[in-house]
Amino acid sequence: MSTIEERVKKIVIEQLGVKEDEVTANASFVDDLGADSLDTVELVMALEEEFETEIPDEEAEKITTVQQAVDYIKAHTKD
Amino acid sequence: MSKILQGEIALVTGASRGIGAAIADELAAMGATVIGTATSENGAKAIGERLAANGGHGRVLNVTDGAAVEALVDAIGKEFGAVSILVNNAGITRDQLLMRMKEEDWQAIIDTNLTSVYRTSKAVMRGMMKARKGRIISIASVIGLTGNPGQANYAAAKAGIIAFSKSLAREIGTRGITVNVVAPGFIDTDMTRALPEESRQALLGQIALGRLGEASDIAKAVGFLASPAAAYITGETLHVNGGMYMP
């Protein structure tokens, strides 16, 4: 079983079409990885599906970096 | 007819009669798996029977009920696959001169004819975004462009559909989803048969082709927009009105 970090990273790579070494913990989806607003919505959708959780809009807005996504998932899922 | 929509899942609202029924039949004949909706059990059953030969289905849906819209889209996804063609056709009229129009007449039209388009489009979005393809086709009206006495509510809702579609087309174009509108003119349906003879004759005089349109004329236009041939058309309003109005 992959770690949460690895799974989040994989989703970011797939959704944003970026290279693995670009996806550092502190990389910002918009500023560093070139995501537009629709990309960030899709990214949250993909995270919701991967981790079988619902991320409310007001929480989703605060998830702007890879680390923030990992932290959110860790705090809100059981595994 | 070649089955160019084979493998597509089409949701058509308001498919029990008139234009919606013709659209459901057309898309089914083009090979799509069509789910047509009606507001009553009987209506849904009749749609199912009509579409059965082409593998289509009827379902009950009240387009003013957001939870029901989401539940239906969810159920279709599980049973048939994600909706890849959405046709927003359900609509009603509550004609009244503005001075006599009650707020509930206004609200009912906006809710059923315009807000419903927001609800269904939003509900199918996730599946279409993931699939990186999709067609959203909404049925507006020539009245949404020309206006008509006694139809301020209807005209506003139909014009709203056009502006909504242009915005959505810009939002999700990069995901391979097109959003278009078909604006019928004066089509021979139950809705237009309810018009008084005098206004009927007056309207006929304005139609270049000198006759009413058929529901199938609209269905063919929707079929075109749903087909691969229309892949590069988005944010567009296709006027099918016999030359009654030329923008």
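The largest cavity in this predicted model has a volume of about 60 Å³. A cavity here is a set of points on a 1 Å grid over the protein atoms alone where a 1.4 Å probe fits but cannot get out; the volume is the space filled by probe spheres set on the points, which are joined across faces, edges and corners. The count is 1 cavity of 30 Å³ or more. Among the residues that line the largest cavity are Thr13(B), Asn113(B), Ser116(B), Val117(B), Thr120(B), Lys158(B) and Ile161(B), lining residues being those with an atom within 4 Å of a point. Helix 4 of chain B gives the most to this lining, with 4 residues; helices (H or I, at least four residues) are DSSP runs, numbered from the N terminus. By class, the cavity lining has 5 nonpolar, 6 polar and 1 charged residues, where Ala, Val, Leu, Ile, Met, Phe, Trp, Tyr, Cys and Pro count as nonpolar, Asp, Glu, Lys and Arg as charged, and the others, Gly among them, as polar.

The largest pocket holds about 1,600 Å³ of space. A pocket is an open set of points with protein on both sides within 12 Å along at least five of seven lines. Of the 42 residues that line the largest pocket, the closest to its centre are Met45(A), Glu48(A), Lys122(B), Met125(B) and Arg126(B). Helix 4 (103-131) of chain B gives the most to the pocket lining, with 11 residues. The pocket lining divides into 21 nonpolar, 8 polar and 13 charged residues.

The contact between the chains (heavy atoms within 4.5 Å) takes 8 residues from chain A and 8 residues from chain B. Leu38(A), Glu42(A) and Met45(A) supply 65% of the area that chain A buries against chain B. Chain A and chain B bury about 700 Å² between them, 44% of it on carbon and sulfur atoms; buried area is the accessible area (1.4 Å probe) that two parts lose on being put together, summed over both.

Across this interface there are 6 salt bridges, each a side-chain nitrogen of Lys or Arg within 4 Å of a carboxyl oxygen of Asp or Glu. In one salt bridge, the side chains of Lys130(B) and Glu49(A) meet at 2.6 Å, N to O. Helix 2 (residues 37-50) of chain A gives the most to the side of chain A that touches chain B, with 6 residues. That side of chain A has 2 nonpolar, 1 polar and 5 charged residues.

Residues are numbered from 1 along each chain as its sequence is written, and chains are lettered from A in the order in which they are written. Local features need pLDDT of at least 70, side-chain atom pairs count only at pLDDT 80 or more, and totals for chains, interfaces and linings use all residues, while side-chain values use heavy atoms, with hydrogens and water left out.

Technical notes: Helices (H or I, at least four residues) and strands (E, at least two) are DSSP runs, numbered from the N terminus.
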